[in-house]
Amino acid sequence: MRRMSRVAVWLVGGLLLLGSPMLWAQTVSEEGERFERTVEENGQRYELIGSGVFTYMIWTAYAGAYYQAEGETDPQPQSDIPRRLELAYFHGIEAEEFADATTETLQDTLSSSDYSALERDLEAFNDSYRDVSPGDRYVLSWDGDDLRLVLNGETLFEGGDADLANAMFGIWLGEEPLGEDFRDALLGR
């Protein structure tokens, strides 16, 4: 009987341990930042495609996760499908630095005519940036109609069109991203 009690304790303990990974499987972790595998935003369900960490020179700048509309498992970061990019920051960054980096990156990666076509919307987008502190999260999302920029749950920008959305997602996920390793991790490569 005593042996049966031990076996029962081991079995129950084992089952509890097996249950824990199922809870952990609902998220991924990058440098201590957790990202859900499935997210719902404004009635749209998104599934995680990939996650990673962006390193600038020697600094770990932020962790990120890229999502697409539920059922869209082939990475399409510059398309018309709903998609979402979430970035968790490890260092403070001023709003002006975000705006300057966005403008410079898009000027470098877009043709002059494509950049000119986006310039007015881009100015409104850049004006919406806020300073971030360690632990803050920006979410960039495209639901098929509107581009949104959200900081810690607060919508800062809503509008634009598919061209602006593709340009913004292209900063991290396009042919000439800020970091190829980061892009590849986000795209699950």
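I call a residue buried when its relative accessible area is under 20%, exposed when over 50%, and partly exposed in between (1.4 Å probe, protein chains only). By that rule I noted Arg 137 as buried, with a relative accessible area of 18%.

**Entry: ground rules**

I am working from a predicted model, where local features need pLDDT of at least 70, side-chain atom pairs count only at pLDDT 80 or more, and totals for chains, interfaces and linings use all residues. I number residues from 1 along each chain as its sequence is written, and side-chain values use heavy atoms, with hydrogens and water left out.

**Entry: the whole chain**

I looked up the elements first. The chain has 5 helices and 9 strands. I take helices (H or I, at least four residues) and strands (E, at least two) as DSSP runs, numbered from the N terminus. Read from the N terminus, their order is α-β-β-β-β-β-β-α-α-β-β-β-α-α.

Next I checked burial. Of the 189 residues in the chain, 42% are buried. The accessible surface is about 10900 Å², and carbon and sulfur atoms account for 49% of that. These areas come from the Shrake-Rupley method with a 1.4 Å probe; for residues, only the protein chains shown count as cover.

Then I looked at contacts, meaning heavy atoms within 4.5 Å. I took the contacts between residues at least 6 apart in sequence; 55% of these join residues at least 24 apart.

**Entry: salt bridges**

I count a salt bridge when a side-chain nitrogen of Lys or Arg is within 4 Å of a carboxyl oxygen of Asp or Glu. How many salt bridges does the structure hold? I find 10.

I started with Arg 137 and Glu 33. Their side chains meet at 2.8 Å, N to O. Arg 137 sits in strand S7 (residues 137-142) and Glu 33 in strand S2 (residues 33-36), so this pair ties together parts that are 104 residues apart in sequence. Glu 33 is buried, at 17% relative accessible area.

Arg 137 has another partner. Glu 86 forms a salt bridge with Arg 137, with the closest N and O atoms 2.6 Å apart. Glu 86 is in strand S6 and Arg 137 in strand S7, 51 residues apart. Is Glu 86 buried or exposed? Glu 86 counts as buried, at 11% relative accessibility.

Glu 33, Glu 41, Arg 84, Glu 86 and Arg 137 are joined in a network of salt bridges.

I also noted Glu 70 and Arg 45. Their side chains form a salt bridge at 3.1 Å, N to O. Glu 70 is in the loop between strand S5 (59-69) and strand S6 (83-89), while Arg 45 is in strand S4 (residues 44-56), 25 residues apart. Glu 70 is partly exposed at 43% relative accessibility. Arg 45 is partly exposed too, at 35%.

**Entry: helix packing**

Two packed helices are described by the angle between their axes and the distance between the axes. My axes are lines fitted to C-alpha atoms, for helices over the stretch in contact, and angles run from 0 to 180 degrees between N-to-C directions. Angles under 35 degrees count as roughly parallel, over 145 as roughly antiparallel, 65 to 115 as roughly perpendicular and the rest as oblique.

I looked at helix H2 (residues 95-109) with helix H3 (residues 112-127). Their axes come within 11 Å and cross at roughly 170 degrees. That makes H2 roughly antiparallel to H3. On the H2 side, the contact is made by Ala 99, Thr 102, Thr 103, Leu 106 and Gln 107; on the H3 side, by Tyr 115, Leu 122 and Asn 126. I sorted these residues into 4 nonpolar, 4 polar and no charged. Here Ala, Val, Leu, Ile, Met, Phe, Trp, Tyr, Cys and Pro count as nonpolar, Asp, Glu, Lys and Arg as charged, and the others, Gly among them, as polar.

How do H2 and helix H4 (residues 162-173) pack? The angle is about 95 degrees, with the axes 10 Å apart. That makes H2 roughly perpendicular to H4. H2 contributes Thr 102, Thr 105 and Leu 106, and H4 contributes Ala 167, Met 168 and Ile 171. This contact divides into 4 nonpolar, 2 polar and no charged residues.

**Entry: positive phi**

Most residues other than glycine have a negative phi. I noted Glu 31, where phi is positive, near 50 degrees. Glu 31 lies in the loop between strand S1 (27-30) and S2, and is exposed at 56% relative accessibility.

Asn 42 is in the loop between strand S3 (38-41) and S4. Asn 42 is exposed, with a relative accessible area of 58%.
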